[in-house]
Amino acid sequence: MDNILSIWQKYKSKEDLISVLQDIQENYGYISMENIEKLSSVSGIKESKIYGVVTFYSQFRTEPVGKYLVSICKGTACHVNGADLIESRLVDVLGVKENEITEDGLFSYENVACLGCCSLSPAIMINEKIFGNVTPESIESILNDYREGKYED
Ligand code: FES
């Protein structure tokens, strides 16, 4: 895992703040206040400016997520094809609400807008991997595959 100083050194420009923050989120899963403070001290960019950018863009998270972040598409096509049923099955299986992390740290989930693959609706994304035509039954086996390390990177 890159530390904040080495991430900053890849860019070294205030103009690249968004790329720096994307890199931090990729490495840590989210952007903590502690890392905002560290970035401010290595870059000279004011904490308030960094915090403002983090909270302005919805792509940035300020809370931790599970090792596997399940994004449930709630766009129109997925919605009409049963996204709510998938969410409710997932809640039953994982025992968490949106943005909570399972006790083993493996999973959390969030509802998102269209993932851009409507022909596969209902669709979900786990980290970077898309699953299409998901059903309340198949979501359980997909999660089990992750538990068993089938998609380990
Ligand atoms: S609405 Fe779900 S992928 Fe487009």
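**Close-up views of helix packing and nonpolar cores**

**View 1. Helix H2 meets helix H4.** The axes of helix H2 (residues 17–28) and helix H4 (residues 47–56) come within 11 Å and cross at roughly 70 degrees (axes are lines fitted to C-alpha atoms over the stretch in contact; angles run from 0 to 180 degrees between N-to-C directions). H2 is therefore roughly perpendicular to H4 (65 to 115 degrees). Leu17, Ile18 and Leu21 of H2 touch Lys49, Ile50, Val53 and Val54 of H4 (contact: heavy atoms within 4.5 Å). Helices are DSSP runs of H or I, at least four residues; strands are E runs of at least two; both are numbered from the N terminus. The model is predicted: local features need pLDDT of at least 70, side-chain atom pairs pLDDT 80 or more, while totals for chains, interfaces and linings use all residues. Residues are numbered from 1 along each chain, and side-chain values use heavy atoms, without hydrogens or water.

**View 2. The buried side of helix H3.** Asn35, Ile36, Leu39, Ser40 and Ser43 of H3 (residues 33–43) are buried (under 20% relative accessible area, 1.4 Å probe, protein chains only). They lie on the same side of H3 because their arc spans only 145 degrees around the axis (taken from the directions from the helix axis to the C-beta atoms). These buried residues pack against helix H1 (4–11), H2 and H4. Just after H3, Gly44 has a positive phi of about 80 degrees.

**View 3. The largest nonpolar core.** This core has 18 residues; Val70, Leu90, Phe107, Ile124 and Ile126 have the most contacts inside it (a core joins buried Ala, Val, Leu, Ile, Met, Phe, Trp, Tyr and Cys through side-chain atoms within 4.5 Å). H7 gives the largest share, four residues.

Note on methods:
Parallel < 35°, antiparallel > 145°, perpendicular 65-115°, else oblique. Buried < 20%, exposed > 50% of the residue type's maximum accessible area, 1.4 Å probe, protein only.
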